[in-house]
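Hi everyone, thanks for coming.

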Amino acid sequence: MKEFSLLRVGQFIRRDITIYKSTFVVGLLVGVVLVFLFCALNMMWDQQLSMDEFFGVFGLIYIPMGVLFTFVIFKEFNNTSANQLYLTIPISIPERLIAKWLTVTVIYTVVYSVLAVMTGILALLFGVVIRGVDFDVPSLFSIQYWNVLKVYFLVQPLFLVGAIAFRKNRIGKTLLSLGILVLGFMLFNFFLFGIFNHDYGLFSGDPIVSEAFDATSLYFSSLGRWFYGILLGPLLLIVAYFKMKEKEV
């Protein structure tokens with residue numbers, strides 16, 4: 001138990017998938033049906049299904065369903081009548097956390113992506129036959145796909161922490177925490193902006209100043225997204241580790 005074991009991680013992933021198999025299957029089937037219906041509705045308006053439209057539908061279902069799976073997979077962990085037996089399973093906290101994370105991020109993403117793309121192609125074929133829709137097969141190598149995945153991989157650790165930390169009303173409390181966190185970042189950024197730029201006359205109306213401000217804002221907003229994304233992802237996983245350790249103790 002003192003050494004990290006990929007075998008134990010794999011066995012724990014298999015255990016979770018076996019226990020929650022029916023929930024995962026039903027959720028994925030519902031997701032497939034929704035992808036087909038939304039794609040079909042999109043094609044009714046302009047006789048095509050663009051990459052942006054498809055991956056808009058993809059993300060609309062992918063992110064919320066992944067969040068729900070995150071809360072489902074920690075159901076035993078927060079069940080006071082069953083978690084004593086659950087926590088005695090011979091696996092270390094890092095192995096347990098990695099197994100959970102891999103299940104609701106990597107494995108879920110691969111399975112859902114394959115099903116969603118196959119469903120999108122089926123919807124396109126349906127549209128071609130019924131309404132003469134332009135045939136453009138969605139690709140997992142498109143930038144839109146990776147942008148959707150990036151959003152999910154950044155926000156999922158926060159919901160993972162919420163699934164561990166809260167016993168009741170976990171989704172509501174996590175969403176409230178997310179709102180407070182976003183508001184805190186906005187106020188923090190506004191505070192820093194005011195400190196460093198209050199002497200530069202940014203709101204004077206000068207066209208040159210306004211153009212420079214817009215260019216600088218675009219650059220630093222991109223930089224800020226990378227900074228907060230890199231900071232929050234690993235940081236929240238560390239928080240999740242200590243929350244799991246606290247519960248097991």
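Let's start in helix α3, which covers residues 51–73: F58 and Y62 both sit in it, four residues apart, and that is about one turn of the helix. Keep in mind that what you're looking at is a predicted model. So how are the rings of F58 and Y62 arranged? They form an aromatic pair with 5.3 Å from centre to centre and 35 degrees between the planes, and that counts as tilted. Are F58 and Y62 buried or exposed? Both F58 and Y62 are buried.

Now, Y62 has another partner. The ring centres of Y62 and Y112 are 5.5 Å apart and the planes meet at 25 degrees, so this pair is stacked. The cut-off you need here is that planes under 30 degrees apart count as stacked. What does this pair link? Distant parts of the chain: Y62 is in helix α3, while Y112 is in helix α5, residues 93–131, and the two are 50 residues apart.

Why do we call these two tyrosines buried? Buried means under 20% relative accessible area. Y62 has 0%, so Y62 is buried, and Y112 has 2%, so Y112 is buried too.

The charged end of K100 sits over the ring of F74, 5.3 Å from the ring's centre.

Okay, zooming out for a moment. The chain has eight helices and zero strands. Of its 249 residues, 35% are buried. And if you take contacts between residues at least 6 apart in sequence, 77% of them join residues at least 24 apart.

Next, a pocket. The second largest pocket has a volume of about 200 Å³. Its lining includes I17, F24, F69, T103, I107 and Y108. Which helix gives the largest share of that lining? That's α5, with five residues. Both α2, residues 21–46, and α5 supply at least two lining residues each. By type, the lining divides into nine nonpolar residues, one polar and one charged.

I17 lies in helix α1, residues 6–19. Its relative accessibility is 32%, so I17 counts as partly exposed, since that label covers the range between under 20% and over 50%. Which residues does I17 contact, leaving aside neighbours within four places in sequence? I17 is in contact with F24, T103 and I107. Look at T103 in particular: I17 and T103 are 86 residues apart along the chain, yet their C-alpha atoms are separated by 8.0 Å.

Last stop, a loop residue. S142 is found in the loop between α5 and α6, where α6 is residues 143–165. Is S142 buried or exposed? At 10% relative accessibility, S142 counts as buried. Not counting residues up to four places away in sequence, S142 touches M51 and F55. S142 and F55 are 87 residues apart in sequence, and their C-alpha atoms are 9.5 Å apart in space.

If you take one picture away, go back to Y62: it forms a tilted pair with F58 and a stacked pair with Y112.

Conventions
Residues numbered from 1 in each chain as written. Predicted model: local features only at pLDDT ≥ 70, side-chain atom pairs only at ≥ 80, totals over all residues. Heavy atoms only, no water. Phe/Tyr/Trp six-rings, centres within 6.5 Å; stacked < 30°, edge-to-face > 60°. Buried < 20%, exposed > 50% of the residue type's maximum accessible area, 1.4 Å probe, protein only. Lys NZ or Arg CZ within 6 Å of the ring centre and 35° of its normal. 1 Å grid on protein atoms, 1.4 Å probe; cavity = no way out; pocket = protein on both sides within 12 Å on 5 of 7 lines; lining within 4 Å. Points joined across faces, edges and corners; volume = space filled by probe spheres on them. Nonpolar A, V, L, I, M, F, W, Y, C, P; charged D, E, K, R; others polar. Contact = heavy atoms within 4.5 Å.
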